[in-house]
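Please read it alongside the model.

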Amino acid sequence: MKHHLRIPILVLFIVACIVVMPFDGYASSNQIKVFVDGTEVPFVDAQPYIDGNGRTLVPVRFPAEAVGATVDWNNDAKQVTVSKDHKTVILSVNQREYIVNHMKMQMDTEMIYNSQYHRNFVPIRFVLEGLGYEVGWQTFQQYGIIHVFTDGQTVTQKNTIYKQIESRITAPQMPSVQPVETTQPTAKFIVDDLAIGSPLEDLIKKRGNPDRMDASQYDFQWYVYNKDYSNYLQVGVKDKRIVALHSSAVKWSGVGNLAPTATKKNVRDALGEPLRGLRIGNTMYLNSYENRDVYLVDESYYAYFDYDAFDKDIVQSVLLLDKKSRETLPAFHSAGSTDLRKAFEYQVFDLTNAVRQKKGLSILKWNEQAAITARKHSEDMAKNNFFDHINLQGQSPFDRMRADGIRFRSAAENLVAGSEDAVQAVPMWMNSKGHREAMLSRQELLGVGVAFGGRMNIYFTQKFFTP
């Protein structure tokens, strides 16, 4: 029988969503300054930082134009070309090999693309030395200072420039370094009449025993309430106290009269600017995903707001997470386990149905064979470091389904890589048109497969179909 398939092919790749900035040396962006012949290079949006290899990465356009070079971006090849006076440096995103005047060279770090600012961060020394300029490094007080000399200055001339810059930095009118994180000391949040720090008995009294208990990537267990998706709730519990609350369905409230109808503007008007990133140990993980804001509340817990870009930026879900619990995971991603994999798979399923219930749609049923097929594809991507609906053998999602004996009239597949967990993955899909259409489609069955590892650390696959 010939099948007539309504099959959207959907991919969401988040490789640019997280920028890792180790805080070794002078890693705070406000503590790195770049001077060309004694004149400071202004960075109007994205700021320089030091990567894990000790190289200073800088938005390429600003220092390049400061020395009179031109910068060209090839979007298809993901390459930046910096040129001046018949000298050319070519760098590729996520590559250590680069080209200086047609000669291949190797560096110990990579060029990084930041999607928040649409800027390419490059190792400044390699670029400017490739153009024939002298690049030096100076430490002064809390600053790391990069000096670019373009005119063959003598040692005496360089020392004069050093002293002039030191005088400017120590002058009273110099702005102070702003902290990366800001707190909202008066902010208080409640989810389903429960708060961070409340005793477990308050939860049991209100909701009863959980429908399921899941592992988390932190130091607590999730109590999951999923019998009624219109009241879906996840509660993190440790030592008989509530340390996390998440829902896209139940009522919540917060400072400034924030409520489920709040928009991104409402949240920012009430709480101010969100954190630029999370500092975990000696590493800063920048948040470059525009549809999620994170705030630190009373130095006690984080409040995450995921917005719906297709519905007036209304808050689509809220997560409250105890700061100490978050710090028990010394990285952005967990290394994973069988229990955590199962938890993420079931949570993606539940959260998808909670979204559908909210939109007045039918509830999807779990399909174990689809979950196995989805899991195998996630494992394949993690093991072989690729991200695509078509695997390395050339099989499409529907080839793989047929090979596993799944009969279907229509089907769809959603992928996401690099998200923290299921709580982040589902709102991300909802903020991508094709993925959203699959999640809100008239399919009947869903299987979810998760795998840890690979370049993006975690891979999620959703398999929707109608038999």
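**Notes on rings and a charge**

1. Lys 158 is placed in helix α3 (residues 155–170); helices are DSSP runs of H or I with at least four residues, strands are E runs of at least two, and both are numbered from the N terminus. The model is predicted: local features need pLDDT of at least 70, side-chain atom pairs count only at pLDDT 80 or more, and totals for chains, interfaces and linings use all residues. Residues are numbered from 1 along each chain as its sequence is written, and side-chain values use heavy atoms, with hydrogens and water left out.

2. The charged end of Lys 158 sits over the ring of Phe 149, 5.3 Å from the ring centre. The criterion is NZ of Lys or CZ of Arg within 6 Å of the centre and within 35 degrees of the ring normal. Lys 158 is buried at 13% relative accessible area (buried is under 20%, exposed over 50%, partly exposed in between; 1.4 Å probe, protein chains only).

3. Beyond neighbours within four places in sequence, Lys 158 contacts Glu 134, Phe 149 and Gln 153 (heavy atoms within 4.5 Å). Its C-alpha atom is 8.5 Å from that of Asp 37, 121 residues away along the chain.

4. The whole structure holds 15 aromatic pairs. Rings of Phe, Tyr and Trp (its six-membered ring) pair if their centres lie within 6.5 Å; planes under 30 degrees apart are stacked, over 60 edge-to-face, the rest tilted. Trp 73 and Tyr 113 are stacked, because their centres are 6.2 Å apart and their planes at 10°.

5. Trp 73 is partly exposed at 34% relative accessibility. Tyr 113 is partly exposed at 27%. Phe 220 and Trp 222 pair edge-to-face, 5.2 Å between centres and 90° between planes; both are buried.
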